[in-house]
Amino acid sequence: MANPGDPKSVWSTVAVIVGTVAAGVVVAGLLHDPQPPAVSIPGCEEVLLPEDMQRINYAIAGPDSVPAGFDAAAKSAALIQALPAGTTVEPDAMFPPLTFDTRAIAYGRIALGGAVGDVNVTLSTSDQPVGACISGYVDERRTLNDGTVVDVRSSEKGSRVEVYATDGSHVDVSADRVLTVQQVTDIAMTPGLRNN
């Protein structure tokens, strides 16, 4: 049996300590839930990653609904008027293009400057506050002086702009690259598409 001052005893003790620390580091590494790096989006006070959506209450933005007293004809006319000058609406044999249906959704194909692409517009209303920005779904959030919130996203395929007005109006416009981000924003900001 080695004495406490014996070199063999010292090295045995050191080996045990080093082994215990190493094992602790490995276990801690296995049990630790790594946090993803923080994501920053211009204009967003809070940013969630898509996987966070599985851990939060989906009612964060509240359920949207068709605006009360929805006037499809008036909204359809306002949408056509909001298109950039020189835009041609392509005819469709199945349904009138860019005409709102009973679900307050309008879809159509347009041509502008030699390019052709699709435009989708959804109108709704909600009494819930605007939720956090979701990374990958919002590139920039703008909050206007009157409290209106504008979420913008642009990609190689096109752009999407969502406007959350202070009267509860929610205007969601997406378009292929036939329209610029600014043109999509201008459509989404059209007063005639909001609640009356």
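The model is predicted: local features need pLDDT of at least 70, side-chain atom pairs count only at pLDDT 80 or more, and totals for chains, interfaces and linings use all residues. Residues are numbered from 1 along each chain as its sequence is written, and side-chain values use heavy atoms, with hydrogens and water left out.

Helices (H or I, at least four residues) and strands (E, at least two) are DSSP runs, numbered from the N terminus. Strand E9 covers residues 169-176 and contains Val173. A residue is called buried under 20% relative accessible area, exposed over 50%, and partly exposed in between (1.4 Å probe, protein chains only). Six of the eight residues of E9 are buried, so the strand is largely enclosed by the rest of the structure.

Two strands pair if DSSP finds at least two bridges between them. E9 pairs with strand E4 (residues 115-125) in the antiparallel sense, over seven bridges. Here Asp172 of E9 stands opposite Thr122. E9 also pairs with strand E8 (residues 158-164), again in the antiparallel sense and over seven bridges. In this case Val171 of E9 is the bridge partner of Val163. The hairpin of E8 and E9 has four residues between the strands, and Gly168 takes a positive phi near 95° in it.

Val173 is buried, because its relative accessible area is 0%. Contact means heavy atoms within 4.5 Å. When neighbours within four places in sequence are left aside, Val173 is in contact with Asn120, Val121, Ser159, Arg160, Val161, Val184, Ile187 and Ala188. Val173 and Val163 are ten residues apart in sequence, and their C-alpha atoms are 8.6 Å apart in space.

## Salt bridges

Side chains of opposite charge can pair when their charged atoms come close. A salt bridge is a side-chain nitrogen of Lys or Arg within 4 Å of a carboxyl oxygen of Asp or Glu. By this rule the count comes to six salt bridges. The table gives some of them.

| Side chains | Distance, N to O |
|---|---|
| Arg142 and Glu140 | 3.3 Å |
| Arg160 and Glu162 | 3.6 Å |
| Arg160 and Asp172 | 2.5 Å |

Arg160 lies in strand E8 and Asp172 in strand E9, so their pair ties together parts that are twelve residues apart in sequence. Arg160, Glu162 and Asp172 are linked in a network of salt bridges. Glu162 is buried, with a relative accessible area of 12%, and Asp172 counts as buried at 13%. Turning to the pair of Arg142 and Glu140, Arg142 counts as partly exposed at 29% relative accessibility, and Glu140 counts as partly exposed at 30%.

## Aromatic pairs

Rings of Phe, Tyr and Trp (its six-membered ring) pair if their centres lie within 6.5 Å; planes under 30 degrees apart count as stacked, over 60 as edge-to-face and the rest as tilted. The structure holds two aromatic pairs. Phe70 and Phe100 form an edge-to-face pair, with 6.0 Å centre to centre and 90° between the planes. This pair links distant parts of the chain, 30 residues apart: Phe70 is in the loop between strand E1 (47-48) and helix H2 (72-82), and Phe100 is in the loop between strand E2 (88-89) and strand E3 (105-112). Both Phe70 and Phe100 are buried.

Phe95 and Tyr107 form a tilted pair, with 5.9 Å centre to centre and 50° between the planes. Phe95 is in the loop between E2 and E3 and Tyr107 is in strand E3, twelve residues apart, and this pair too links distant parts of the chain. Phe95 is partly exposed, with a relative accessible area of 33%, and Tyr107 counts as partly exposed at 29% relative accessibility.

## The nonpolar core

A nonpolar core is a set of buried Ala, Val, Leu, Ile, Met, Phe, Trp, Tyr and Cys residues joined through side-chain atoms within 4.5 Å. The largest one has 27 residues, and those with the most contacts inside it are Leu79, Phe100, Leu123, Leu179, Ile187 and Leu193. The elements that give two or more residues to this core are H2, E3, E4, strand E7 (149-154), E8, E9 and helix H3 (181-188). Leaving aside neighbours within four places in sequence, Leu179 is in contact with Pro84, Ile110, Leu112, Val119, Ser159, Val184 and Ile187.
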